[in-house]
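Reader: I am new to reading protein models. Can we go through this one by question and answer?

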Amino acid sequence: MTRYKLAALLVLAALPLQAKPRAPRPGADELLLRALSGPATGYSAVQRVQVFIPGKKPKALKVNVTAQPWGQVRREVLPPKKKAAPLVEVRDPEKPEAGLARLRALYEISVSTGGVVAKRKTWKLELRLKSGVLRRALWVDRDSGLLMKRETYRDDGSLRRRERIVKLELPAPVQASFKTAPVSGPWAPDGFVFVGESGGARRWSNGLESYEVRTVGGKPVVSGDLAEDDAARVLETAGR
Amino acid sequence: MNEDDEARLSKAAMKSLRVPAPESLTADLKRLARNRKPAPSIWEGLREAMSGGAWAYGAGAAFAAAAVGAFILRAVPEREGAPAVAERPVRAIEGAAPQALADLWSDDDGGDDDEI
């Protein structure tokens with residue numbers, strides 16, 4: 001081996017020393033708590049929600065999201081027809097520990113690198129039922145803890161729903177409090193609103209998907225297009 | 001034909017005839033060569049063009065200011081203020097019409113991309 005070859009080998013061997021050290025992978029609980037708490041600063045974002053119905057064309061809607069630091073989130077769903085009224089929701093945050101306990105009770109959770117979403121590096125959380133079926137995947141911003149993307153899957157593994165931030169300003173100036181309209185009844189997932197009651201069942205819909213709550217044998221029962229964790233949260237609050 | 005060209009032409013004719021040029025002609029040519037201004041260098045021309053007159057300074061400054069202003073306006077997007085929630089009535093979400101909810105959705109390509 002010539003001196004030059006040796007020098008070249010030494011340089012190549014030293015290259016990894018110059019590489020940026022990898023960020024340590026956080027634990028699933030720590031990451032989920034950060035995601036459930038939300039960022040420490042206000043932000044504004046555009047979110048696209050897509051619903052995939054078998055045999056039909058995917059449907060989507062766009063949501064303008066503004067949020068206070070660790071606080072309320074205001075979601076304004078913009079209709080494609082400009083004359084139509086937007087749907088505005090103001091969501092109060094849940095205690096992160098309560099959300100974590102519910103998810104832990106239902107899913108096995110694992111963490112992996114998640115790639116880039118809206119120009120931000122993420123961690124990916126996979127939530128699997130105890131049977132091994134992948135139900136949800138969450139992409140969490142490594143810096144702020146903001147939930148950047150969430151996918152929900154059917155039992156057969158096909159994609160049912162994707163909610164993704166497509167544009168983000170973080171931090172962003174946000175007003176101190178949002179004006180809210182009082183909403184009675186059980187908690188409902190983002191975009192679902194109460195649409196009526198018939199035959200002893202209360203029904204909620206987002207225009208494409210729906211679910212209902214009825215009382216069977218003195219206990220509330222949820223049925224419809226909801227993932228297990230959402231259904232559990234509806235049941236927790238069904239007495240309202 | 002000017003005097004300079006005439007002297008050169010005479011010199012060339014003498015040379016072609018292999019006749020020695022008279023002293024007066026040689027002296028004339030040397031004088032003409034001495035009096036000829038050196039060709040202005042390209043850098044000198046550029047400097048003169050750039051320095052220009054007082055009006056050129058004003059025009060240049062105005063152009064630069066306009067360019068900087070246009071760059072700033074393009075580079076710094078107008079910051080959206082906090083949403084005017086107070087002015088916009090919050091839609092009652094109790095008992096929403098199913099059709100109104102369905103109208104919120106539109107066809108999509110199913111792509112998983114950022115907004116451009």
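Reader: Where is K119(A) found, in terms of the strands of chain A?
Author: Strands here are DSSP runs (E, at least two residues; helices are H or I, at least four), numbered from the N terminus. By that count, K119(A) sits in the loop between β5 and β6.

Reader: How are residues numbered and what kind of model is this?
Author: Residues count from 1 along each chain as its sequence is written, and chains are lettered from A and ligands numbered from 1 in the order written. This is a predicted model, where local features need pLDDT of at least 70, side-chain atom pairs count only at pLDDT 80 or more, and totals for chains, interfaces and linings use all residues, while side-chain values use heavy atoms, without hydrogens and water.

Reader: Is K119(A) buried or exposed?
Author: Buried means under 20% relative accessible area, exposed over 50%, and partly exposed in between (1.4 Å probe, protein chains only). K119(A) has 78% relative accessibility, so this residue counts as exposed.

Reader: What is phi of K119(A) near?
Author: Most residues other than glycine have a negative phi. K119(A) is not glycine, yet its phi is positive. The value is near 65 degrees.

Reader: And A118(A): buried or exposed?
Author: A118(A) lies in the loop between β5 (107-117) and β6 (120-129) of chain A. Its phi is positive too, near 50 degrees. Its relative accessibility is 10%, so A118(A) counts as buried.

Reader: Which side chain does K149(A) join in a polar contact of 2.6 Å?
Author: K149(A) lies in strand β8 (residues 147-153) of chain A. At 6% relative accessibility, K149(A) counts as buried. A polar contact is a pair of N or O atoms within 3.5 Å; within protein, one must be able to donate a hydrogen and the other to accept it, and residues adjacent in sequence count only if both atoms are side-chain atoms. The partner at 2.6 Å is D112(B).

Reader: Is the peptide bond from L170(A) to P171(A) cis or trans?
Author: P171(A) lies in the loop between β9 (159-169) and β10 (193-198) of chain A. Most peptide bonds are trans. Here omega is near 0 degrees, and the bond is cis.

Reader: In what order do the elements of chain B run?
Author: Chain B has 5 helices and 1 strand. Of its 116 residues, 13% count as buried. From the N terminus on, the order is α-α-α-α-α-β.
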